[in-house]
Amino acid sequence: MSLTLTKPPQRTPVRRERQRRGNPAATRRNWLGGLAGWLWLAIIVIPIYWVLITSFKLQTNYYSSNPMVPPGDPTLENYRFVLESGFVTYFVNSVIATAGAVIPAVLVSFMAAYAIVRGWRLRFLRVVNGLFLMGLAIPLQATVIPIYLIIIELRLYDSLMALILPSIAFAIPLSVLVLANFIRDVPKELFEAMRIDGATEWMTMWRLAAPLTRPAILTVTVYNALNIWNGFLLPLVLTQSPDKRTLPLALWSFQGQYSVNVPAIVAAVVLTTLPILALYAFGRRQLLRGLAAGFSR
C-alpha cells in the first residue's frame, strides 16, 4: 500500500490583508489626531514666530504694519536699547538670586533626603518628612504677607537676600521628595559594604549616595533654577530699587505711562529666555527622568 502525500491548500492571508486595509474608523481617528497635533504645533510656533519678528521691528512702524509679516528693514535697535537700559544689572541680579537660592536648597535637600531614607525608623525623621510633604501643599501666594513681615523684621527688604531666603524655603520640599525617592533605589548592600569598610555616614553620603543620585540632583537643580529665574511675585513684593530688580520684573521698565514699547519688551523677553533655553536644553532628559521617578512612587 502506498501513501500519497498531498500538499495542503494554501490559505489566503485574509487577516493580514484586513490589517493592511485597516479599519476606516481607526484611520479617521488617526487623521483627527494628526490634525490636533498640527494645531497644537501651530499654537506653540506662532507666538514664538511673532516674538522673533517683532523684536526686529521699530516702534514707529509697529502699529502701522501687519504684526505677522516680517519687517522689511530688520534692525537691532531694540536689543541695543534693552542692553543700554540696565539689562546687564538685571541679569546679574537674576543670576545671584538664582544661584544663591538653588545651591543651598539642593545641598540641604540632599542631606535631608539622605537622613530621612537612612534613618526612617526614627520617629523624628518621619515627622520631618511629613513637614516637607506638607510644604508642597502651601502655595507661594498664600504666604506673601507673612514673608513680607518677616523680611521687614529681619531688615532685609529691598535686597537680593530677601529673594534668596524665601526661594530656598519653597525649593526644599519638592527637592527632598525627588532626592529621597532616588536614594531609596540605591541597593542597601552598597551601604552595608561602605559601613564594613569603616566609612562614616558622612563619607557614605558624599562618596556613594551623591554619585549614584547625580541625575536627581541635576533634576532638582534645573527645576528650581527655572522657577526662581522666572519668579515675579517675590521681586515685586520684596524689592523696590531699580538696581535690585530681576529680569522678569525689569520688563516693566519698558512700559511708559501713555504707551508701551512692544518691540523693546519683546527683545527683552528674547534675551531673558536665552539662558533658560540653554539650561533646559542641557538638563532636559535628566529633568524629565527625575520628575517621572520622583512622582511615580
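Predicted model: local features only at pLDDT ≥ 70, side-chain atom pairs only at ≥ 80, totals over all residues.

Me: How are two packed helices described?

Reply: By the angle between their axes and the distance between the axes. Take helix 3 and helix 9. They pack at about 145°, and their axes are 9 Å apart. The crossing of helix 3 past helix 9 is right-handed.

Me: Which residues of helix 3 and helix 9 meet?

Reply: From helix 3 come F91, S94, V95, A97, T98, A101, V102, V106 and F110. From helix 9 come I217, V220, T221, N224, A225, I228 and W229. By class, this contact holds 12 nonpolar residues, four polar and no charged.

Me: At what angle do helix 6 and helix 9 pack?

Reply: Helix 6 spans residues 161–184, and helix 9 spans 214–229. Their angle is about 155°, with the axes 10 Å apart. Angles over 145 degrees count as roughly antiparallel. Helix 6 and helix 9 are therefore roughly antiparallel to each other. Helix 6 passes helix 9 in a right-handed crossing.

Me: What does helix 6 bring to the contact with helix 9, and what does it meet there?

Reply: Helix 6 brings S167, A171, L174, S175, V178, L179 and F182. They meet P215, A216, I217, V220, Y223, N224 and I228 in helix 9.

Me: Now the pockets. What is the volume of the largest pocket, and how many residues line it?

Reply: Its volume is about 610 Å³. The largest pocket has 28 lining residues, with L140, S167, F170, N227 and I228 nearest its centre. Helix 3 (77–118), helix 6, helix 9 and helix 10 (233–238) each give two or more residues to the lining. Helix 6 gives the most, with seven.

Me: How does the lining of the largest pocket divide by class?

Reply: Into 18 nonpolar, 10 polar and no charged residues.

Me: And the second largest pocket: which residues line it?

Reply: Its volume is about 360 Å³. The lining consists of I116, V117, R118, G119, W120, R121, I183, R184, V186, K188, F191 and E192. Helix 3, helix 6 and helix 7 (188–196) each give two or more residues to this lining. Here the classes are six nonpolar, one polar and five charged.

Note on methods. Residues numbered from 1 in each chain as written. Heavy atoms only, no water. Axes fitted to C-alpha atoms, helices over the stretch in contact; angles between N-to-C directions. Helix = DSSP H or I, 4+ residues; strand = E, 2+ residues; numbered from the N terminus. Parallel < 35°, antiparallel > 145°, perpendicular 65-115°, else oblique. Left-handed = near helix turned anticlockwise from the far one by under 90°. Contact = heavy atoms within 4.5 Å. 1 Å grid on protein atoms, 1.4 Å probe; cavity = no way out; pocket = protein on both sides within 12 Å on 5 of 7 lines; lining within 4 Å. Points joined across faces, edges and corners; volume = space filled by probe spheres on them. Nonpolar A, V, L, I, M, F, W, Y, C, P; charged D, E, K, R; others polar.
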